[in-house]
Amino acid sequence: MTKRHVSLPVEADAGVREFIDHVDERLASDEDTCRVVQDVLIDLFGDREAYERWQDGGDVSPAERVRLQGYDPCNATLESEYYAEKDEDRFEESKYLQWLWRQFDATPMADNVEFALRFRSMLADHLFAECGDDCRFFKGITFTYGHNISVGDNVVVHDDVHLDDRGKLTIGDRVSISDGVHIYSHDHDIVDQTEVRNYHTVIEDDARVTYDAMVRAGCRIGENAVVGARAVVQGDVPDHHVAVGMPAKSVRVKPGWEDRAAPLDVGGENRQESRRIEYDLPDDLDVFDEFQRDPST
């Protein structure tokens, strides 16, 4: 490996451990998650004095009030909150944890890599459906919900990655996802874009998705496969293949794996429909079209 081991000074490391363990214990307890998130954010942003002054009836400006209210995730909305097919019970909890993740990334401490990686890994244990050991999540990662994501051991997700789990997203062991990657698990009908189809997207063990690539909903990136920079994956990438381009095509087999890999012309097959996830909407759902179109035309 070309990387060095980096550690915090002993005193700083002890403080980090104490803080992360404290938050972890509170999130694992019966305490209201919304309250835990609010408390953590108030202190991370250094606003405890202003918050207590506000709670005691002291004067605060309109801007201060909005800021102080915003630490409570119950006073915030996320884009995914509008999605009609979401699991309301699961989303209520994951929304609070996602708010903590996103707002933590807005603090100066999010740039302290050794602290931030450990804090996000702890949050992932609570937010994701499954999260393995020794995972590293860098800054600016976003999710749809979080609770439909399963992650294996020793996974690395770099800066500014979007993991869409409107459907379901499974990431295997030792996967590397580079900066700026977008991985989707939902798609829209090309005629009626309000019709959403959800899928299961799979990134298998030891796969690598390199920077600025996009993986379409319902695709499978095979074991030990590589998706090249800025590639647009529209179909499956077989095990041990290297796929590049727009749309991505298999161009070679990783050296040393030729006897185990399928032929290059096997790559790119679209198996999206085999991974479709059906859902039902409540009969009494109050729906709206944000584009205000007339469906009869």
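In the predicted model, Val232 touches Met214, Gly245, Met246, Pro247 and Ala248, leaving aside residues up to four places away in sequence. Val232 belongs to strand E16, which spans residues 232-233. Its relative accessibility is 17%. The cut-off for burial is under 20%, so Val232 counts as buried. Tyr199 stands 33 residues from Val232 along the chain, and the C-alpha atoms of the two are separated by 17 Å.

Two of the residues touched by Val232, Met246 and Pro247, are joined to each other by a cis peptide bond. Omega for this bond is about -5°. Pro247 is placed in the loop between strand E17 (241-244) and strand E18 (249-253).

The loop between strand E15 (226-227) and E16 contains Arg230. Arg230 is not a glycine, yet its phi is positive, at about 60°. Asp160 also has a positive phi of about 60°, and Asp160 is not a glycine either. This residue is found in the loop between strand E5 (156-157) and strand E6 (162-163). With 53% relative accessibility, Asp160 counts as exposed, because the exposed class begins over 50%.

A loop position of another kind is held by Asp47. It lies between helix H2 (33-44) and helix H3 (48-55). Asp47 has 10% relative accessibility and therefore counts as buried. Beyond residues up to four places away in sequence, Asp47 touches Ile42, Arg67, Leu68 and Tyr71.

The aromatic side chains were examined next. The count comes to 14 aromatic pairs. One of them joins Phe128 and Phe143, with ring centres 5.4 Å apart and planes at 80°. An angle over 60 degrees counts as edge-to-face, so the Phe128 and Phe143 pair falls in that class. The pair links distant parts of the chain, 15 residues apart. Phe128 is in the loop between helix H6 (113-127) and strand E1 (130-131). Phe143 is in strand E3, residues 142-143. Phe128 counts as buried at 5% relative accessibility, and Phe143 counts as buried at 3%. Elsewhere, Phe19, Phe104, Phe115 and Phe119 form one aromatic cluster.

Charged groups also sit over rings. The charged end of Arg166 is placed over the ring of Tyr83, 3.5 Å from its centre. Lys86 lies over the face of Phe91, and the distance to the ring centre is 5.3 Å.

At the level of the whole chain, the secondary structure comprises six helices and 19 strands. The C-alpha atoms fill a box of roughly 70 × 65 × 30 Å along the principal axes. The chain has 297 residues, of which 44% count as buried. Among contacts with a separation of 6 or more, 37% come from residues 24 or more positions apart. The chain carries 33 positive and 64 negative side chains. The centres of these two sets lie 6 Å apart.

Key. Residues are numbered from 1 along each chain as its sequence is written. Side-chain values use heavy atoms; hydrogens and water are left out. Rings of Phe, Tyr and Trp (its six-membered ring) pair if their centres lie within 6.5 Å; planes under 30 degrees apart count as stacked, over 60 as edge-to-face and the rest as tilted. Helices (H or I, at least four residues) and strands (E, at least two) are DSSP runs, numbered from the N terminus. Buried means under 20% relative accessible area, exposed over 50%, partly exposed in between (1.4 Å probe, protein chains only). A charge sits over a ring if NZ of Lys or CZ of Arg is within 6 Å of the ring centre and within 35 degrees of the ring normal. Contact means heavy atoms within 4.5 Å. Lys and Arg count as positive and Asp and Glu as negative; His and the chain ends are not counted. The place of a charge is taken as NZ of Lys, CZ of Arg, CG of Asp or CD of Glu.
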